Amino acid sequence: MRRSDSSLADLLADGPVVLDGAMGTELDARGVDTRHSLWSALALLTEPDAVAAVHRDYLAAGARVLTTASYQASVPAFEAAGMSADDARRAIAGSARLALDTAADWERERPGDRVAVAGGIGPYGAYLADGSEYTGDYHPTPERLAAVHRPRLEALAGEGLTDFGLETMPRLDEAVAVVGWMGETVPAARCWVSFQVRPDGAHLADDTPLREAAAWAVGEDAVLAVGLNCVAPEVVAPALEVLRSATSKPLVAYPNAGDAYDPVSKTWIEASAHERFTASADSWLDSGVGLLGGCCRTTPADTRALAGSVAARR
């Protein structure tokens, strides 16, 4: 099957781009069980049609970047769940095929639309499945860190991906390492890097100043955009202010819906009252956001609202 050949850089050159939203939330809505250490990654083996259906729904809502369902997928994670390394690599490669084929189908049916596919790269803390991606409180050896990240990069690149999204990164040193491995695996690769940021909007989860992370991104040609994701909506504005003062690159923002996640019970606690994050989209775009989307607990309905905000500017 012909696959999409649109790139993230091409789309960004034309102005703000809408990312997709939560995968796990939409799989849950379809009756797919995600309450285990592999989270939505297990669906790559057990429910691939459901994953593809979620991708299609986000495209229909106006997303023009699909992120592969590989955030939680790594060879050590699948092995810890009792599966083989071959099954792990098959699942990770399958995440790329599902997204690429869905994008290609969309472009074929709607000439003129362009869709980019980015390989989703979650942090080491996501592999641990203990909530530590929200704290950065882990210190693996370089060899262990590489064992989580490098095989996933290789499996995604093996399907032809050259765009990647480094997501919910709580530590700058980890992001630096992953970008380096990405460049070794695919010399022409490009990515965005979005960090997990503390409630003050000025520090990464591990207490690294956000300004320092932005300064690093400035010097990395492979990093097309830098920002934050998987945070409460109210954290976005102060973080964007810090980022904009440190870099002229496009910024990234895809917060959670505003609900709270309990990593122990793997359940969501719905906020009693909060403004839907989409209401702030225009102000975030004013701050220089080039990649705009939603993370946990967001839906295609949210994506549709974000797409409307972006379309209004064109």
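Mentor: What follows begins with the strands and then moves to the salt bridges. This is a predicted model, in which local features need pLDDT of at least 70 and side-chain atom pairs count only at pLDDT 80 or more, while totals for chains, interfaces and linings use all residues. Residues are numbered from 1 along each chain as its sequence is written, and side-chain values use heavy atoms, with hydrogens and water left out.

Helices (H or I, at least four residues) and strands (E, at least two) are DSSP runs, numbered from the N terminus. Strand 4 spans residues 163–169, and because seven of its seven residues are buried, it is largely enclosed by the rest of the structure; buried here means under 20% relative accessible area, exposed over 50%, and partly exposed in between, with a 1.4 Å probe and protein chains only. Two strands pair if DSSP finds at least two bridges between them. Strand 4 pairs with strand 3 in the parallel sense over three bridges, and Gly119 has Phe164 in strand 4 as its bridge partner. Strand 4 also pairs with strand 5 (residues 190–195), again in the parallel sense, over five bridges, with Trp192 in strand 5 as the bridge partner of Gly165. Between strand 4 and strand 5 the chain passes through helix 9 (residues 172–185), and this β-α-β crossover is right-handed, a term that applies if, with the strands pointing away from the viewer, the path from the first strand over the helix to the second runs clockwise.

Turning to charge, a search of the whole structure finds 15 salt bridges, each being a side-chain nitrogen of Lys or Arg within 4 Å of a carboxyl oxygen of Asp or Glu. One of them joins the side chains of Arg30 and Asp57, at 2.3 Å from N to O. This pair links distant parts of the chain, 27 residues apart, with Arg30 in the loop between helix 2 (24–29) and helix 3 (43–46) and Asp57 in helix 4 (residues 48–61). Arg30 is partly exposed at a relative accessible area of 33%, and Asp57 is partly exposed at 31%. Another salt bridge connects Arg64 with Asp113, their closest N and O atoms being 3.1 Å apart; here Arg64 lies in the loop between helix 4 and strand 2 (65–67), and Asp113 in the loop between helix 6 (85–109) and strand 3 (116–121), 49 residues apart.
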